[in-house]
Amino acid sequence: MLKLDLNDIADTMATGFQSGYNPLYEPSEFPLFHPLHVATVSINNSSITSKLGHMFYFAVYAPTLQETICKNLKWDAMTFDHINWDAHEAAFTSLTRYQQIAVSMLVHNLWNSGNQCKQHIPAADSSCASCHHDLETIDHIFNCPDHETLLNQTASYSSFLQTISLFQTPHQILQA
Ligand SMILES: [Zn+2]
């Protein structure tokens, strides 16, 4: 009975609230200013307060970062602009912190391979953990001739292709 009464009271209050004028229902050209905020920055009527730090960081470091990427990869500015960096950022930020670290290490050729380990600890075993034959370099990790490794690589690659085919990935990329 108490539950019914509470529902009835809540319903009456909600109806009363909706029937009265509420300024929050008015369409606003600008983002609403929260009373706890001291200032809000907006560009094209979109509040950027939550991303302000990111935007400053980008403005300060992006030109140098672009220069470094182009220099390391021998790209010109046009090649750089062909990359969908927004999509790259969305994909990268969707990863967990640990996955981001792993991807960053791989991209910057800092993966903890046997070869990398040997540079810090000369006595360390730097041979491939799968075939126990060759020096474990990044190149070798992707080209190890070990049978079980090849089976795992083939299965993972098929699974990867199947996954990206679900996201309207261009045909050229799927065939690459
Ligand atoms: Zn190997």
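Predicted model: local features only at pLDDT ≥ 70, side-chain atom pairs only at ≥ 80, totals over all residues.
Colleague: What should I notice about the phi of H132?

Modeller: Most residues other than glycine have a negative phi. H132 is not a glycine, yet its phi is positive, about 50°. K74 can be read in the same way: its phi is near 60°, a positive value in a residue other than glycine. K74 lies in the loop between α2 and α3 (77-81), and K74 is exposed, with 7 other C-beta atoms within 10 Å. A positive phi near 60° also belongs to N109, which follows α5.

Colleague: How many helices and strands does the chain have, and how do the elements run from the N terminus on?

Modeller: The chain has nine helices and two strands, and from the N terminus on the elements run α-β-β-α-α-α-α-α-α-α-α. The radius of gyration of the chain is 27 Å, well over the 16 Å that the globule rule gives for 176 residues, so the chain is more spread out than a compact globule. Along its principal axes, the C-alpha trace spans about 80 × 50 × 40 Å.

Colleague: What percentage of the residues in the chain is buried, and what percentage of the contacts joins residues 24 or more positions apart?

Modeller: A residue needs 20 or more other C-beta atoms within 10 Å to be called buried, and buried residues make up 2% of the 176 residues in the chain. Among the contacts with a separation of 6 or more, residues 24 or more positions apart account for 8%.

Colleague: How many residues of helix α5 are buried?

Modeller: Of the 11 residues of helix α5 (residues 97-107), the number buried is zero, so helix α5 lies largely in the open.

Colleague: What span should helix α8 have, and how far apart are its end C-alpha atoms?

Modeller: One can compare the expected span of a helix with the distance between its ends. At 1.5 Å a residue, the 19 residues of helix α8 (residues 147-165) should span 27 Å, and the end C-alpha atoms of helix α8 are 27 Å apart, which agrees.

Colleague: Where is C117, and which residues does C117 touch beyond those up to four places away in sequence?

Modeller: C117 is in helix α6 (residues 114-120), and with 14 C-beta neighbours inside 10 Å it counts as partly exposed. Leaving aside residues up to four places away in sequence, C117 touches N112, A124 and S126. C117 and V60, by contrast, are 57 residues apart in sequence and 34 Å apart in space, C-alpha to C-alpha.

Colleague: Where does T64 lie, and what distance separates the C-alpha atoms of T64 and P170?

Modeller: T64 belongs to helix α2 (residues 52-73) and is exposed, with 9 other C-beta atoms within 10 Å. The C-alpha atoms of T64 and P170 are separated by 31 Å, and these residues are 106 residues apart along the chain.

Conventions: Residues numbered from 1 in each chain as written. Helix = DSSP H or I, 4+ residues; strand = E, 2+ residues; numbered from the N terminus. Rg over C-alpha atoms; globule rule 2.2 N^0.38 Å. Buried ≥ 20, exposed ≤ 12 C-beta atoms within 10 Å, placed from the backbone. Contact = placed C-beta atoms within 7 Å. Expected span 1.5 Å × (residues − 1).
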